[in-house]
Amino acid sequence: QVQLVESGGGLVQPGGSLRLSCAASGFISGITAIAWHRQAPGKQRELVAHITSGGSTNYADSVKGRFTISTDNAKKTVYLQMNSLKPEDTAVYFCWAERVYAYWGQGTQVTVSS
């Protein structure tokens with residue numbers, strides 16, 4: 001089992017920044033990839049950023065150049081640095097990890113509004 005706990009969400013003005021954290025625990029050795037997804041009201045959940053155990057990253061076109069996914073293995077934490085936030089970034093952000101099976105966190109709300 002892998003447990004994922006997100007934090008760092010909140011209310012931010014357009015153009016602002018937030019950093020989300022995802023703390024992993026449990027059987028984390030052997031995790032092959034971790035990602036951030038988001039789900040806005042009335043929309044399907046979508047992939048935002050993805051990083052493999054080898055360090056390769058992939059981003060949704062809508063966030064390229066604004067969001068950065070990174071890991072701190074010592075802290076067993078994955079981050080999503082979000083800059084130049086837009087109202088359309090408003091969503092619940094979920095952490096996801098793959099270790100044979102897929103695991104999800106409970107999500108953290110990000111609201112971009114003036």
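User: What does Arg45 lie over, and at what distance from the ring centre?
Analyst: Arg45 lies over the face of Phe94, 3.7 Å from the ring centre. Keep in mind that this is a predicted model.

User: Ok. Where else does a charged end sit over a ring?
Analyst: At Tyr79: the charged end of Arg19 sits over that ring, 4.2 Å from its centre.

User: Back to Phe94. Is it buried or exposed?
Analyst: Phe94 is buried, because its relative accessible area is 10%, and the cut-off for buried is under 20%.

User: How many aromatic pairs does a search of the whole structure find?
Analyst: One aromatic pair turns up. It is made by Phe94 and Trp104, whose ring centres are 6.3 Å apart with the planes at 85°, so the pair counts as edge-to-face. Phe94 belongs to strand S9 and Trp104 to strand S10 (residues 101-104), so the pair ties together parts ten residues apart in sequence.

User: Why do you give both a distance and an angle?
Analyst: Because a pair of aromatic rings is described by the distance of the centres and the angle of the planes.

User: And how accessible is Trp104?
Analyst: Trp104 is partly exposed, at 37% relative accessible area.

User: New topic: salt bridges. How many are there?
Analyst: The count comes to four salt bridges. In one of them, the side chains of Arg38 and Glu46 meet at 2.7 Å, N to O. In another, Arg38 pairs with Asp89, with the closest N and O atoms 3.0 Å apart.

User: Where do Arg38 and Asp89 lie in the chain?
Analyst: Arg38 lies in strand S4 (residues 33-39), while Asp89 is in the loop between strand S8 (77-82) and strand S9 (91-99), so this pair ties together parts 51 residues apart in sequence.

User: Why would side chains like that pair up at all?
Analyst: Side chains of opposite charge can pair when their charged atoms come close.

User: Are Arg38 and Asp89 buried or exposed?
Analyst: Both Arg38 and Asp89 are buried. For Arg38 the relative accessible area is 6%. Glu46, on the other hand, is partly exposed at 35%.

User: Which salt bridge does Lys64 form?
Analyst: Lys64 forms one with Asp61, where the closest N and O atoms are 3.1 Å apart. Lys64 is partly exposed at 48% relative accessibility, and Asp61 is exposed at 66%.

User: Which residues are joined into one network?
Analyst: Arg38, Glu46, Arg66 and Asp89, through salt bridges that share partners.

User: What about the largest nonpolar core, how many residues has it?
Analyst: The largest nonpolar core has 30 residues, and those with the most contacts inside it are Trp36, Leu80, Met82 and Tyr93. Strands that each supply at least two residues of this core include strand S1 (2-7), strand S5 (46-52) and strand S11 (108-112).

User: What is Tyr93 in contact with?
Analyst: Leaving aside neighbours within four places in sequence, the contacts of Tyr93 include Leu20, Trp36, His37, Phe67, Leu80 and Val110.

User: Last one: which strand is Tyr103 in?
Analyst: Tyr103 is found in strand S10 and is buried, with a relative accessible area of 13%. Beyond neighbours within four places in sequence, Tyr103 is in contact with Gln1, Val2, Leu4, Cys95, Trp96 and Ala97.

User: And how far is Tyr103 from Ser84?
Analyst: Their C-alpha atoms are separated by 29 Å, with Tyr103 and Ser84 being 19 residues apart along the chain.

Notes:
Residues are numbered from 1 along each chain as its sequence is written. This is a predicted model: local features need pLDDT of at least 70, side-chain atom pairs count only at pLDDT 80 or more; totals for chains, interfaces and linings use all residues. Side-chain values use heavy atoms; hydrogens and water are left out. Buried means under 20% relative accessible area, exposed over 50%, partly exposed in between (1.4 Å probe, protein chains only). Helices (H or I, at least four residues) and strands (E, at least two) are DSSP runs, numbered from the N terminus. A nonpolar core is a set of buried Ala, Val, Leu, Ile, Met, Phe, Trp, Tyr and Cys residues joined through side-chain atoms within 4.5 Å. Contact means heavy atoms within 4.5 Å. Rings of Phe, Tyr and Trp (its six-membered ring) pair if their centres lie within 6.5 Å; planes under 30 degrees apart count as stacked, over 60 as edge-to-face and the rest as tilted. A charge sits over a ring if NZ of Lys or CZ of Arg is within 6 Å of the ring centre and within 35 degrees of the ring normal.
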